[in-house]
Amino acid sequence: MIRQIAGGISYIGVDDLALDLFEGQYVLPEGMAYNSYVIDSEKIAIMDTADADVADTWQANLKEVLHGRTPDYLVAHHMEPDHAALIAKTLEEYPSCTLVTGAVALKMLGQFFPGIDPKVLVVKEGDTLELGPGKTLRFFAAPLVHWPEVMVSFLEEDGILFSADAFGKFGALGKCGFWGDEDDDWACEARRYYFNICGKYGVQVQKLLEKAGGLDVKVIAPLHGPILRENLKYYLDLYNTWSSYGVETPGVFVAYASMHGGTRAAALKMVELLKALGCPKVSSADLSRDDMAEAVEDAFRYGKLIVAAPTYDGGLFTPVHNFIHLLQAKGWTRRRVGLIENGSWAPQSGRIMKDMFAQMKDVDVIDPIVTIRSVMKEADIPALEALASTINQ
Ligand SMILES: Cc1cc2nc3c(=O)[nH]c(=O)nc-3n(C[C@H](O)[C@H](O)[C@H](O)COP(=O)(O)O)c2cc1C
Ligand SMILES: [Fe+2]
Ligand SMILES: [Fe+2]
């Protein structure tokens, strides 16, 4: 797709509707967009490449925008292959083009492209690159958002922030909209993308937001998802909440898995009890069937979590184990959690879940754990009611 995003700035990114899983694990119900841009001034700069899967279309877009001219610069903000895969091919085709990137990225370049030896301009925090009148690019380091070499750049006169993966989302632009204001539900897939890919790096994202706060940003041009130009406060506020592990939506997320239905019935009873107590929002997920990345997202979105799990071979039922392990891996923090365990001869799942949550920072596990034996009985209801009322406080 080729679109003008401002005077002299073209979008040359590509939608991929065929890919099954992003980064080998995230489902893509609406495809994926690999954004890339060309700044056309006295000098011509390509802003990142695209994934190898969309090489032909990206190269055709680039050629169309270049009209036979040779690009002067290829700016690489991030070395992950979904944006950097076509660096070597592009520099082979245009040997006089200078690769503009950071020192950390340069170290990775040879790992991805053995033997590559291009013309390079190494940039660091605060450096500028003049592309022509009114086209000054200024570079900022964004380490660990979500790789160590990441940089962003700011086209000062146009106020365009090339934000790398920050402010990206799942979804092809042909499906969700080219501009953020055309996207009815930007937050849904942006949140799933953010927490699963950047969730661990809240501190680093906060640092990037601080830097962006000092700039007069009019447009955010990320490497995935729509280009954001209106109501930027909405997106910046969400990023601020997410990266500070704040509560976006007051309410409780009930996550469960079940082999024979006993644990599910207890979890769904908990949903009913919370609703009856007037809990502002109650969301639930079956961890065996629902998208795990969405469950991770919801655990961060809501202020409180309840996890219900059967005991399994002396341990914790594996779908629930996977979920809690993912929360650990993504730096889940600053939350309250209530636990429901189930077992037919020696329930263990509650203790194991408690131990896993105890390893996380600022996570408060509510006492006591509710124990169900095989199936929920009338006698179990008071304990469930007590947990519902404690977590709803
Ligand atoms: C493969 C398998 C392994 C199990 N391992 C244990 C166990 O080690 N200890 C225990 O108390 N119950 C164990 N159980 C029993 C279940 O935890 C128990 O029946 C529970 O009620 C199942 O909940 P559900 O109806 O939500 O699947 C096991 C059940 C299965 C099917
Ligand atoms: Fe990335
Ligand atoms: Fe990416």
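In strand 13, Arg138 is the bridge partner of Thr128. Strand 12 (residues 128-132) and strand 13 (residues 135-141) run antiparallel and are joined by 4 bridges, where two strands are said to pair if DSSP finds at least two bridges between them, and where helices (H or I, at least four residues) and strands (E, at least two) are DSSP runs, numbered from the N terminus. The two strands form a hairpin with 2 residues between them, and Gly134 in the turn has a positive phi of about 70 degrees.

This is a predicted model, in which local features need pLDDT of at least 70 and side-chain atom pairs count only at pLDDT 80 or more, while totals for chains, interfaces and linings use all residues. Residues are numbered from 1 along each chain as its sequence is written, and chains are lettered from A and ligands numbered from 1 in the order in which they are written.

The domain assignment, which is automatic or taken from a database, gives domain 1 (3-243) and domain 2 (251-392). Taken over C-alpha atoms, the centres of domain 1 and domain 2 are separated by 38 Å. The contact takes 9 residues from domain 1 and 9 residues from domain 2, two residues being in contact if their C-beta atoms, placed from the backbone, lie within 7 Å. On the side of domain 1 that touches domain 2, strand 5 (26-27) and helix 6 each supply at least two residues, and helix 6 gives the most, with 4 residues.

The largest nonpolar core has 124 residues, of which Leu74, Ala142, Ala255, Met270 and Val307 touch the most other members. Such a core is a set of buried Ala, Val, Leu, Ile, Met, Phe, Trp, Tyr and Cys residues joined through C-beta atoms within 7 Å, and buried here requires 20 or more other C-beta atoms within 10 Å of a residue's own. Helix 6 (residues 186-198) gives the most to this core, with 7 residues. Because domain 1 and domain 2 both give residues to this core, it lies between them. Leaving aside neighbours within four places in sequence, Ala142 is in contact with Val150, Met151, Val152, Ala164, Ala166 and Leu208.

Ligand 1 is surrounded by 19 residues, the closest being Ser258, Met259, Gly262, Thr263 and Gly343; a residue counts as near if its C-beta atom, placed from the backbone, lies within 6 Å. Two or more residues of this shell come from each of helix 9 (262-276), strand 19 (302-312) and strand 21 (335-343).

How values were computed: A residue is buried if 20 or more other C-beta atoms lie within 10 Å of its own, exposed if 12 or fewer, and partly exposed in between; C-beta atoms are placed from the backbone.
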